[in-house]
Amino acid sequence: MKHLLKVLNSKGNHPPCHLNLVFVLCIYLFVSACGSSSSGPTTGSISGFVKDGNEPVAGVTVTFQGTYISAVSDSAGAFTLRGVPAGNGARISAWKEGYYCGLLTELVVPAKDVVVSLRRHQLTDYEHYEWVSPEEGQGSCVQCHPALTEMAMQDAHLKAAVNPRFLSTYYGQDTLGNQSPNTTYKTITTQWGTFDVPQPYDRTQPYFGPGWRIDFPDSTGNCTSCHIPGAATKGDVDPRSVTGADKYGVHCDFCHKVGYVHLEQNTGLPPVTQPGVQNIDLFRPNIFSDLWSQLFMGSLADGNALDGGVPSPDGGINVITFEAKRTLYSESRYCAPCHYGGFWGQPVYTSYAEWAESPYADKQSASYKTCQDCHMPSPTLYKGKVLTNIAPGKGGIERNPSQLHSHNMTVTPELLRNSLTMDASASWIGSEIKVDVTLTNDKTGHHVPTDSPWRHMILLVEARDSNGNMLTLKSGSTLPSWCGIGEAKDGYYAYMPGKAFAKVLREMWTDVVPAVSYWRHTTLESDNRLAAFATDKSSYTFQSSGSPVAITVTLIYRRAFIEMMQKKKWDSPDIVMAHKKISL
């Protein structure tokens, strides 16, 4: 450097161009080096120990909060976080299954020999616990988690106790409160014994659709085990008797107290006749005990808290949280109790089993996805913006939005339209027109449709001449009678060209097909729903006079059989899942 300056200062000496560049580079490196030495390191490390009281805890995931910088404590409880931004106000969290999330705040990085405190949470259920309401009263969910609660309030789970389809079916009424008469029974003797079996409904009497309570007036049934599980922890109840948080159905506090889900060892499924809360271990804490405090479990390993905490002699402030991560909350198993079940040994709701049998359940498959991946996607929007803080002003921190999941799991028309792919084509074959339709379930991890056997899809294929007249179907399937006998303009499509997709049950004692009272003894009549990655192909041939032909292919989702919806007065319009027009 000195030699270069001497050359530049020599009288009349003009260095070549490349020496000028060397000079500029040297000055830049010199200044940069000076600057970096004065500003100090930009990152550092945090090392220390995780302890429960005075005992070290191994296998704890310690995280620089809100980031993916993490380490796992060793047998001595020791950990080191590297690459942590230097400076004041650092927060680290610690988590292990069975413990509340530990939180140590106000650290100065670099830091060493810090101690993060963990404490165990209750792994038993306190049956006298009082549920926290989503939005009513002091300490309700919405006060700390407004975004998640408002999402959940739009979801069908928090409307399960007041769903008009559920209530009118449970009581055997229409939505106006008109009551069907109780079912009559006949005593029969079979090789298995003597039984009272239900008789077909008397169609000469006022009838407003089926119902559990008109079949079994003296039994509450097990419906509330899924629809209002918080009220059914000691046995099922009448839906109209519930109070408090249970008025919402499957409410927030119940969902965040689920500690364990039982699956049968030989099937990997819940017992078919023990749905919902009957198959769940809850971890409701005894908040009146000096040993335990409130507990909210979820998928986040770093808790939030408003508590100012207690200064630690080893650095930072130890903050008590009431939150705990449980791996169950990121597994499809969590959903199993209410999405697999049936009556009298006959599986009826089977979406969990359908997922478990699909490639989506294989963790080694590129297709692997959980229920939560599709039905609780992340990132998620709240009021048009990406959600980054679930407890603003209540101890919440800014997070990577991919960690925060939607809490509105309602199956929307948009989700249904994105559930499968429909392709349709048409061609002339002499004086006839052939229409080919392919449906592929390439986007859904269970059958389409799924769960309630009332749900079905209607594939409607229409071919009309230039005057709008329907062409005669020469070959191909037609829709069954339960698609509705009447005018097509009113949604009655029976015997029109097309195909229906449904799980059809038969009532064992009355031979009613399809069975609408699926809580009775039933057998499986047929099931042609589309399993994950399954494809269905169908063809339809129409006679034509040769004039221009307009062909429409429409795939419709219908929540229940049209005759039943009319009797119940349900406002459940058809949803068009796919539609294609072809001109020849």
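Where does Glu106 sit? I looked it up, and the place of Glu106 is in strand β7. Its phi is near 60 degrees, a positive value in a residue other than glycine.

Some ground rules for myself. This is a predicted model, where local features need pLDDT of at least 70 and side-chain atom pairs count only at pLDDT 80 or more, while totals for chains, interfaces and linings use all residues. Residues are numbered from 1 along each chain as its sequence is written, and side-chain values use heavy atoms, with hydrogens and water left out.

**Whole chain**

I got twelve helices and 30 strands for the chain (DSSP runs numbered from the N terminus: H or I of at least four residues for helices, E of at least two for strands). The radius of gyration is 32 Å, well over the 25 Å that the globule rule gives for 584 residues, so the chain is more spread out than a compact globule. That radius is taken over C-alpha atoms, and the rule is 2.2 Å times the number of residues to the power 0.38. The C-alpha trace spans about 110 × 75 × 40 Å along its principal axes.

I also checked burial: 46% of the 584 residues are buried (under 20% relative accessible area; exposed is over 50%, partly exposed in between, with a 1.4 Å probe and protein chains only). Of the contacts between residues at least 6 apart in sequence, 66% join residues at least 24 apart; contact here means heavy atoms within 4.5 Å.

**A four-stranded sheet**

Next I traced an open, antiparallel sheet of four strands, in the order β25-β23-β29-β30. Its edge strands are β25 (498-501) and β30 (575-583), each of which pairs on one side only. Pairing takes at least two DSSP bridges between two strands. Strand β23 (residues 456-464) pairs with β25 over four bridges, in the antiparallel sense. Ile458 stands opposite Ala500 in β25.

Which residue does a cis peptide bond join to Val109? The partner is Pro110, with omega about 5 degrees. I placed Pro110 in the loop between β7 (102-109) and β8 (111-117). Another cis bond runs from Val448 to Pro449, omega near -5 degrees. Pro449 is in the loop between β22 (432-440) and β23.

Last stop was Phe533, with a positive phi near 70 degrees in a residue other than glycine. Phe533 is in the loop between β27 (522-527) and β28 (535-543). Is Phe533 buried or partly exposed? I noted it as partly exposed, with a relative accessible area of 39%.
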